[in-house]
Amino acid sequence: MTAALETAAPSAAVIRPATDGEEAALGALWDACGLTRPHNPPTWDIPFARANPSSEVLAAVEADGRVVGSVLCGHDGHRGWLYYVAVHPDHRGHGLGRRLVRAGEDWLAAQGIWKVMLMVRDTNAAVQDFYRRLGYDRDPVLVMSRRVQPPPNERS
C-alpha cells in the first residue's frame, strides 16, 4: 500500500441498502474483488438476499452513483453472517472496508443478533489480517457443506 493511500481521507461513499438496478454493478464489484465462483453467480445471491427479511445487501455508493463497496449480511435467527464484503481495488485504503463491516454488524445488531460470523478462504492472509485488526478471531471450527438441491441454473 502506498503512503498516499494510507494517509488518504476517509471514503465519502454512502452506505445504504442496495436498490433495484444495482445488481450488475454489485456483480462487477464482486468479480473485480475475486469473490465470485462459477457455481454461485451474483445473479442468484443478490435477489435472494434482497427478497429475504433476514438478510440485506448494503452498497457503498459514491456521489456519482458508482457502487464501490458492499456487504451482504444475514442471519439464521441465532448467528449473523457477513458475505461479499468488497471494496473496489481503486478505493481501498480509505477506511471503506471497516465502515462496511461496521454497517453489516449494525444491521445484524438491529435484528437482535449478538454474534457475527464470516468465512475467509484459508489462502487469503491479507483479508484474515484485515479482520483481525477489526477484532475478529479464528474460531476452532470446520465449516462443512452439502448442496440439498441443484443450483438455480440447473433446475428444471
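These notes walk through a predicted model, from its sheet to its helices, salt bridges and surface.

1. **The sheet.** Start with the five strands. They form an open sheet in the order β1-β2-β3-β4-β5, and the pairing is mixed. β1 (14–17) and β5 (116–118) stand at the edges. Each has a single partner strand, so one side of each is left without a neighbour in the sheet. Neighbouring strands are turned by 25° against each other on average, direction ignored.

2. **From β1 to β2.** β1 and β2 (residues 55–61) pair in the antiparallel sense. Four bridges join them. Look for proline 17, which stands opposite leucine 58 in β2.

3. β3 and β4 run antiparallel, with six bridges between them.

4. **From β4 to β5.** Here the sense is parallel, and the strands pair over three bridges. Glycine 80 stands opposite valine 116 in β5.

5. **How enclosed is β4, and why?** Seven of the eight residues of β4 are buried, so the strand is largely enclosed by the rest of the structure. Tyrosine 84 belongs to this strand, which spans residues 80–87. Tyrosine 84 is buried, with a relative accessible area of 13%.

6. **A backbone point to check.** Phi of tyrosine 84 is near 50°, a positive value in a residue other than glycine. Most residues other than glycine have a negative phi.

7. Helix α4 (residues 96–110) lies across β1, β2, β3 (67–75), β4 and β5. The helix runs at about 30° to β3. Helix α3 (residues 42–51) has these buried residues: Pro42, Trp44, Asp45, Ile46 and Ala49. Their cover includes α2 (23–32), β2, β3 and β4.

8. The structure holds eight salt bridges. One of them joins arginine 50 to glutamate 23, with the closest N and O atoms 3.4 Å apart. Arginine 50 lies in helix α3 and glutamate 23 in helix α2, so the pair ties together parts that are 27 residues apart in sequence. Both partners are partly exposed: arginine 50 at 28%, glutamate 23 at 31%.

9. **A salt bridge from arginine 16.** The side chains of arginine 16 and glutamate 22 meet at 2.6 Å, N to O. Arginine 16 is partly exposed, with a relative accessible area of 25%. Glutamate 22 is buried, at 10%.

10. Aspartate 129 and arginine 132 meet in a salt bridge of 3.1 Å, N to O. Both lie in helix α5 (residues 125–133), three residues apart, about one turn of the helix. An α-helix has 3.6 residues a turn, so residues three or four places apart point the same way. Aspartate 129 is partly exposed at 38%, and arginine 132 is partly exposed at 45%. Elsewhere, salt bridges that share partners join Asp20, Glu23 and Arg50 into one network.

11. **Which residues form the nonpolar surface patch?** Tyr83, Met119, Val141 and Val143 do, with about 380 Å² of accessible area together. Tyrosine 83 lies in strand β4. At 32% relative accessibility, tyrosine 83 counts as partly exposed.

Methods
Residues numbered from 1 in each chain as written. Predicted model: local features only at pLDDT ≥ 70, side-chain atom pairs only at ≥ 80, totals over all residues. Heavy atoms only, no water. Helix = DSSP H or I, 4+ residues; strand = E, 2+ residues; numbered from the N terminus. Buried < 20%, exposed > 50% of the residue type's maximum accessible area, 1.4 Å probe, protein only. Patch = residues over 30% accessible without salt bridge, like charges linked within 9 Å, V, L, I, M, F, W, Y side chains within 5 Å. Areas by Shrake-Rupley, 256 points an atom, 1.4 Å probe, with all protein chains shown as cover. Salt bridge = Lys/Arg side-chain N within 4 Å of Asp/Glu carboxyl O. Pairing = 2+ DSSP bridges. Axes fitted to C-alpha atoms, helices over the stretch in contact; angles between N-to-C directions. Contact = heavy atoms within 4.5 Å.
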